[in-house]
Amino acid sequence: MVTFEGMEQHRTSSGSSQSPRSPSSSQPFLSVSVTDPVKLGNGVQAYISYRVITKTNCPEYQGPEKIVIRRYSDFVWLRDRLFEKYKGIFIPPLPEKSAVEKFRFSAEFIEMRRQALDVFVNRIAAHHELQQSEDLRTFLQAEEETMERLRSHETGIFKKPSDLMQIFKDVQSKVSDVVLGKEKPVEESDPEYEKLKHYIFELENHLAEAQKHAYRLVKRHRELGQSLSDFGKAVKLLGASEGNALGKAFSELGIKSEILSVKLQKEAQQLLMSFEEPLKDYVRAVQSIKATIAERANAFRRQCELAETMKLKEINLDKLMLIRSDKVAEAEREYHELKAESEQATKTFGTIVKLMNEEIGRFQEQKTLDMGIAFHEFAKGQARLANGIADAWRSLLPKLEACSSS
Amino acid sequence: MMNQDHVLRASQDDEMESLVLHDDNDSSGNSQQPQSPKSPFNSFLDPPSYAEAIFTSFDSNGHDQTLEPSPRSGSESDYIQIMVSDPQEEQELTNSLVPGGTTYHTYLITTRTNKPEFGGVGSEFSVRRRFREVVTLSERLSEAYRGYVIPVRPEKSSVERKVMQKEEFVEQRRVALEKYLKKLGSHPVIGKSEELKLFLEVQGKLPLMRSTDVASRMLDGAVRLPRQLFGAEPVAVDLNDVVQPAKSGRDLLRIFKELKQSVTNDWGAAKPLVVEEDKDFMEKKDKLMEFEQQLSNVSQQAESLVKFQQDMGETMGELGLAFVKLTKFETEEALFETQRVRAGDMRNVATAAVKSSRLYRELNTQTIKHLDKLHEYLGTMLAINNAFSDRSSALLTVQTLSSELASLHLRIEKLEVASSRIFGGDKSRMRKIEELKEAVRVTESAKNCADREYERIKENNRSELERIDKERQTDFQSMLRGFVVNQAGYAEKMAAVWEKLAEETATYSRDSS
């Protein structure tokens, strides 16, 4: 049902809304963009709000176009809801919360975050299952007050009662594990899945290292740029004190240095956005997969536990039936309940496995594409910078010749 | 100092690159044969195909310091080449009773020259010298060639000696000595000097001592300056003392007098009788001081620039290495074809990054060579300041003698007035007047000597400044040119590397859909 490449959208720098590829109303489309970041509030409570524009012809939506205001924690809410409901699917990652940078809120940081959020929503909208989510519709359409209510419901210590139950059950199961002498948590023994897990964990390490060096490279560009600026200033002063043709040559050199300093700073920012950020995004995506892996483990454990418990109940039931106890009816009811739960758990687990298999293929394809784009932008940026540097220096040579001949 | 950092960092780089480019030594530009699957690591990167030759063209017009600079005057008879090599450790012959003395190093100094002063065309000779003898040479030159801009000798640097490894220190000293002697050799006046000749030619102990032959070269006459000018004894003294700055130990009294004079100059209400009149000189001096300051500043920034260029290269290399590891990882663990495609892309990125890193390293080595000229000229500024000091101290001597003369005349006048009041004359006073008049005569000739010396030094200053100014213009111009050509050339090389990667990843371009 995907009618556009979600990945293309996040490349638009202005963040303006994308026109649909197929304007004909017969083909369903869903187009989202996150735009217009605005800083609101003061001091510690400062935050950024974004305009989220939805254009669609899907009947489930309220209308052809809707604009809402959202903030970062709304996106977090959406991600958490999707993570709960669509176990097995790799939920697109969000940029980090970054409590520190919030205070600084530089223009570059704001733009990068906007871009990352735009990518996030578009990936959801492009995913054939996630795009049907009711929570997504809520996110894209609900009034701000509604969002605020939903958002505060989820955050903080005030969890929903069902969450508390779940936590309690988890603790319970862990205790029973210990009691039953099972020290190690129950894990799948699928060798292919083991390989996948190992791959994911290793991949995160490698990617994190690449990202670390990419970030350093950005810093180096900034440092070299600053150094060239300082050098240029000093050389200009030297030229002034020298005075003659040689002095002029020095001045020209100084001017060129300062020009190049600006180029380097520009490229540093480009590098950050088009190369380092995609690498970071890749790392986040892998971390999201790790979360899904954890969910799968939980589901597997639950399936096993319920199967075990069911067996016990079955044995117990047979015992009761033999002695014709009056507790049989209750035990039977409990057994059937448990059986239903167990079947549900098995089904849940099976779905997760199936989904993951699909997802991993999609993930690999998508990442090759994402990285390819990032590498291309990286190459173009570096080539552009290098050519700019070469041109600037070469243009200086005739001026130097003129000075020496005089 | 920069070179030390390079030694340290180079070893880290080599470690990294040996991981990545095993086959680099085998082939020079040949395309890589695919390696066996057992060692996929090695075949990941193609060896770079650029050759050293391509880069020497960037330096052909620039100043390459490893080559001998062509003689400045252009004429063959000025050609001199001095090399310092083969440091050897030798035992110090001590007279003390303490066994197992200290050691010192000697260096082989080989000279090839066409200079007639050294024996004409095709002369070649070697001597072995220790650093102490170099110090003696430099001191003698300072005494004999006042007013000239004499290259500053390498430092004794006892701190570095303790901190560095012995071999490193000796090598550093060897390089510094060579640079120093080369500069001496190419100086138009000192390059022909007797002192340098003795230093370079005479085997065994250096036959240079203080205060010999100087007088005969500098003085017109053998007029002696009585010590009673500067002290109480009527002992005759060498006039060449006048033409030397006051040295501690021997000339304490003279030092006091000249110090008194200089204080009078600085704080006294009356102007000294002789002042620095040459406005041109004053202007030049101020300009030079300004220039020195700016030069020092640029030199500092240049050092920073080199450091940041180096950092860039290193980080680029580390990025490349990270991608090499990723490539290997994805290839080994590939379950999907798309992973192999991605691995291929990453390999291309790694190649580009490592190549770029290498280019930065090379660029830096060249940049250091070019910008070293700045450091050199800071040394020259020091030598110029020394030449100016010669001038100031010569002027001070003249001023002191003038004051002395003036006060003598005053005393004579007073005595004559007092004596004239006594009818028939005052025998003791008359005798005193005669003595003073003799002193005046001697002081006057000393002052004439000092005047001549001062003028000589002034002329030396002037001609040297002119010479250095011309040289500086040429040197700096070629340095600038070399630096710029270097930067441009390497930037172009890097652009080519990245353009290749852009081509290789063109399928992912937004524009191609």
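Accessible areas here come from the Shrake-Rupley method with a 1.4 Å probe, and for residues only the protein chains shown count as cover. The model is predicted: local features need pLDDT of at least 70, side-chain atom pairs count only at pLDDT 80 or more, and totals for chains, interfaces and linings use all residues. Residues are numbered from 1 along each chain as its sequence is written, chains are lettered from A in the order in which they are written, and side-chain values use heavy atoms, without hydrogens and water.

Select chain B. Its accessible surface is about 27100 Å², 53% of which belongs to carbon and sulfur atoms. Of its 513 residues, 46% are buried (under 20% relative accessible area; exposed is over 50%, partly exposed in between; 1.4 Å probe, protein chains only). Chain B has 11 helices and three strands (DSSP runs, H or I of at least four residues and E of at least two, numbered from the N terminus).

Next, pick B:Arg174 and B:Glu178, which form a salt bridge with the closest N and O atoms 3.6 Å apart (a side-chain nitrogen of Lys or Arg within 4 Å of a carboxyl oxygen of Asp or Glu). Both residues are buried. They lie four residues apart in helix α5 (residues 166-186) of chain B, about one helical turn.

Move to helix α11 (residues 427-504) of chain B, where B:Glu471 and B:Arg467 are four residues apart. Their side chains meet in a salt bridge (3.0 Å, N to O).

Finally, go to chain A and select A:Arg220 and A:Glu223, a salt bridge at 3.2 Å between the closest N and O atoms. A:Arg220 is buried at 17% relative accessible area, whereas A:Glu223 is partly exposed at 22%.
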